[in-house]
Amino acid sequence: MNEALFTANNLWILVATILVFIMHLGFASLESGFVRRKNTVNILFKNSMIIAIGLLTYFICGFNLMYPGETATGFFGFAGFGLSLPDGDAGGIAYADGAYAYYTDFIFQAMFAATGATIVSGAVAERIKLNSFLVFTIIFVALIYPIAGMWKWGGGWLDARGFYDFAGSTLVHSVGGWGALACIMVLGPRKGKYTSKGIQAIPGHSMPLATLGVFLLWFGWFGFNGGSVLSADPMGVSLVFVTTSLAAAGGAVGAFFTSYAMFKSHDLSMVLNGILGGLVGITAGADLMSPMASIIIGLIAGIIIPLSVVFFDRTLKLDDPVGATSVHLVCGIWGTLAVGIFGSMAGGGQFITQLIGVLAYGVFTFVLSYLLITVIKAAMGVRVTEEEEIKGLDLAEHDMEAYTM
Amino acid sequence: MKKIEAIIRTTKFEAVRDALARIGVNFFSLKDVKGYGLQKGEVHTYRGADLGADYIPRLQMDIVTSDEKVEEIMTTIEQAGRTGNVGDGKIFVYDIERVVRIRTGERDKDAV
């Protein structure tokens with residue numbers, strides 16, 4: 001491995017880190033757009049704290065829980081608190097065989113860590129108590145996400161079984177989605193969502209913000225998936241760019257036709273969710289798929305979106321203002337299973353392995369998240385009062401309004 | 001002197017305004033009004049759930065005029081504002097007791 005190639009590889013992973021960072025602005029923007037204006041400051045506050053909590057907890061313990069190195073057993077390992085740069089070349093060119101340096105590894109993975117909690121933030125919007133949410137976030141990102149992530153990316157038991165998740169359809173998106181599901185079950189719906197007159201729509205206050213957010217997320221996904229090649233390998237990165245974008249496009253088209261068939265309207269919020277569903281769907285196998293397979297995976301993810309949103313909304317009566325459970329949980333599961341159906345690893349045995357991975361992550365994350373939010377509910381309460389909910393969290397929790405005119 | 005208060009469809013505003021201009025009525029005051037009652041507003045869909053507006057949006061035009069022009073103005077608004085469907089609106093006519101034009105101090109008929 002020569003120095004020039006190491007520099008190029010490392011630079012690409014750093015660029016990818018910047019792209020994943022901007023996804024947090026995408027989430028902040030999307031979630032703001034999908035809530036009512038009286039809760040805008042609150043959702044922005046949560047998103048600002050999540051990136052901070054994510055980076056700090058990943059520094060304190062997350063990185064060494066997720067990548068414990070030789071301390072790893074199948075299910076758990078911990079290489080100690082904080083960061084410890086290996087001496088000399090061991091922290092540089094020799095760290096990952098010339099692909100990236102030690103600190104690059106940390107910061108790239110740290111940017112990923114916070115996205116899991118951001119997924120929860122949208123689903124619980126407009127009624128959760130700020131401090132309760134922050135306590136949930138700290139424990140979720142500091143412990144649940146990295147311990148679960150270690151099972152695959154840290155060389156744990158699922159990695160040993162041949163489970164595949166390229167950039168985190170399961171490890172990031174489904175994990176966040178399971179957390180979101182547990183929280184909205186304990187939290188209950190927003191006031192005015194399920195009434196004696198039936199299920200009420202509660203429209204978001206800014207479709208331009210939501211659209212901006214989705215485009216920023218798509219932009220960031222080039223780094224999320226492209227960086228997950230873990231080098232600047234020209235063939236690998238360029239294929240991943242193609243599959244990622246084609247899946248997003250397929251997701252938009254799938255959601256467009258399905259939501260039009262179901263609701264007889266051109267629902268922008270569904271197309272936006274469809275784009276994200278396609279992106280989440282391709283993430284598990286972005287490096288394995290042919291361009292055509294990526295279109296099909298995205299298209300199916302897009303078709304799933306409106307069906308899943310209605311299923312959560314009407315059948316399960318679970319209130320998710322931004323569709324986080326449909327986008328991240330359901331499409332995350334779909335993308336993970338798709339590795340067993342399409343692409344270079346497809347096969348019955350692989351499909352079963354993927355299914356085992358989906359179930360393992362589901363049980364672990366959902367049960368722990370459910371327990372965690374239940375304990376928080378008992379200890380400090382989890383919902384704002386009805387009066388605060390009507391007034392809006394911006395005034396109730398922040399004494400501030402997003403728009404003063 | 002009379003005040004004509006016409007509640008019309010928002011979609012018919014331009015047609016009514018232009019028809020009034022043709023008979024020489026070039027000024028009126030205008031406000032957004034919301035109707036609320038048994039007849040529901042249009043039902044839309046957002047993310048698969050019904051999004052029914054509880055109220056019906058309409059425009060209210062207030063025109064102050066001399067007694068002899070009332071019938072012509074009423075007929076003009078009626079014709080220009082009609083679609084034949086439920087919700088075309090209503091026209092009310094009131095007596096006006098006094099009028100002052102603040103700029104000139106003119107009173108009553110001269111101020112209309």
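This is a predicted model: local features need pLDDT of at least 70, side-chain atom pairs count only at pLDDT 80 or more; totals for chains, interfaces and linings use all residues.

Student: Which residues touch the most other members of the largest nonpolar core?

Tutor: A nonpolar core is a set of buried Ala, Val, Leu, Ile, Met, Phe, Trp, Tyr and Cys residues joined through C-beta atoms within 7 Å. A residue is buried if 20 or more other C-beta atoms lie within 10 Å of its own, exposed if 12 or fewer, and partly exposed in between, with C-beta atoms placed from the backbone. Here the largest core has 123 residues, and those touching the most other members are Val124(A), Ala180(A), Cys183(A), Leu217(A), Ile275(A), Leu279(A) and Trp334(A). Helix α3 of chain A (residues 102-123) supplies the largest share of this core, twelve residues. Helices (H or I, at least four residues) and strands (E, at least two) are DSSP runs, numbered from the N terminus.

Student: How do helices α7(A) and α8(A) cross?

Tutor: Axes are lines fitted to C-alpha atoms, for helices over the stretch in contact, and angles run from 0 to 180 degrees between N-to-C directions. The axes of α7(A) (residues 207-226) and α8(A) (residues 234-263) come within 9 Å and cross at roughly 140°. That makes α7(A) oblique to α8(A); angles under 35 degrees count as roughly parallel, over 145 as roughly antiparallel, 65 to 115 as roughly perpendicular and the rest as oblique. Among the residues making the contact are Trp218(A) and Trp221(A) of α7(A), and Thr244(A) and Ala248(A) of α8(A). Residues are in contact if their C-beta atoms, placed from the backbone, lie within 7 Å.

Student: How many residues does each chain give to the contact between chains A and B?

Tutor: Chain B gives seven residues and chain A gives 15 residues. On the chain B side, β3 (43-46) and β4 (49-52) give two or more residues, and β4(B) gives the most, with three residues.

Student: Why does Val70(B) count as partly exposed?

Tutor: Val70(B) counts as partly exposed because it has 17 C-beta neighbours inside 10 Å. Val70(B) is found in helix α2 of chain B (residues 70-81). Leaving aside neighbours within four places in sequence, Val70(B) is in contact with Lys2(B), Ile4(B), Thr65(B) and Val93(B).

Notes
Residues are numbered from 1 along each chain as its sequence is written. Chains are lettered from A and ligands numbered from 1 in the order in which they are written. Two residues are in contact if their C-beta atoms, placed from the backbone, lie within 7 Å.
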